[in-house]
Amino acid sequence: MVVIHRCAWARNELSIPYHDAEWGVPVHDDRLLFEFLVLEGAQAGLSWDTILRKRARYREVFDNFEPKLVARYGQRKVNALLRDTGIVRNRLKIAAAISNAQAFLKALEEFGSFDAYIWQFTGGHPRVNAWRVHDRLPASTVESDAMSKDLKRRGFRFVGSTICYAFMQAVGMVNDHSTDCFRYAQLLR
């Protein structure tokens, strides 16, 4: 019997497939980067499993995270989102998703892509860490501090340093898989 070693947090029917296929894989698609930015902000104060359970519904009601569409949401759409039990019904987080879409579009204009903008915080390539156990992972880093500060300066909300670091982990800007996890070595290639 082959034993597959994963990061300790990947333990259930939601987190295992997410860990195995997505977490830490470098993302350069602007729409997907926007999706993760919104979802990481929605996760603030909640478990990531909660967001994974609601992710499909988020994609439905947030027009598959197309920033141009989300940026135009008005009060009628906000009211509908606040009634939707399939997402996190937090007025501030919903408002942040809309204003973040607007700020996202401005970053696209300035940098040509959000990818070009956001990856500058790690020099354009993933940072590779070598954690043996996940309880040693930092909640934030110098890079996530800089990202948070710059995003806020550009009008983004729900982008504190801890949220930015979780975003960086999710989109592969850092490889924080534990060194005994099968994904750690795979992502080094």
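The side chain of T141 makes a polar contact with the side chain of E143, at 3.2 Å. A polar contact is a pair of N or O atoms within 3.5 Å; within protein, one must be able to donate a hydrogen and the other to accept it, and residues adjacent in sequence count only if both atoms are side-chain atoms. The model is predicted: local features need pLDDT of at least 70, side-chain atom pairs count only at pLDDT 80 or more, and totals for chains, interfaces and linings use all residues. Residues are numbered from 1 along each chain as its sequence is written, and side-chain values use heavy atoms, with hydrogens and water left out.

T141 sits in the loop between β1 (127–128) and α8 (142–153). Helices (H or I, at least four residues) and strands (E, at least two) are DSSP runs, numbered from the N terminus. T141 is buried, with a relative accessible area of 17%. Buried means under 20% relative accessible area, exposed over 50%, and partly exposed in between (1.4 Å probe, protein chains only). Leaving aside residues up to four places away in sequence, T141 touches S161 and Y165 (contact: heavy atoms within 4.5 Å).

Helix α2 has 14 residues. The helix reaches 20 Å from its first C-alpha to its last, close to the expected 20 Å (1.5 Å times one less than the number of residues). Of its 14 residues, 13 are buried. At the start of α2, a side-chain oxygen of D29 reaches to within 3.3 Å of the backbone nitrogen of R31. Just after α2, G45 takes a positive phi of about 85°.

The structure holds 14 aromatic pairs. Rings of Phe, Tyr and Trp (its six-membered ring) pair if their centres lie within 6.5 Å; planes under 30 degrees apart count as stacked, over 60 as edge-to-face and the rest as tilted. W9 and W23 pair edge-to-face, at 5.0 Å centre to centre and 75° between the planes. W9 lies in the segment before α1 (15–21) and W23 in the loop between α1 and α2 (30–43), so the pair ties together parts 14 residues apart in sequence. W9 is partly exposed at 26%, whereas W23 is buried at 8%.

F111 and Y117 form a tilted pair, with 4.9 Å between centres and 45° between planes. F111 is partly exposed at 27%; Y117 is buried at 0%. Both belong to one aromatic cluster, whose members include F34, Y58, Y73 and F156. K77 lies over the face of Y73, at 5.0 Å from the ring centre (criterion: NZ of Lys or CZ of Arg within 6 Å of the ring centre and within 35 degrees of the ring normal).
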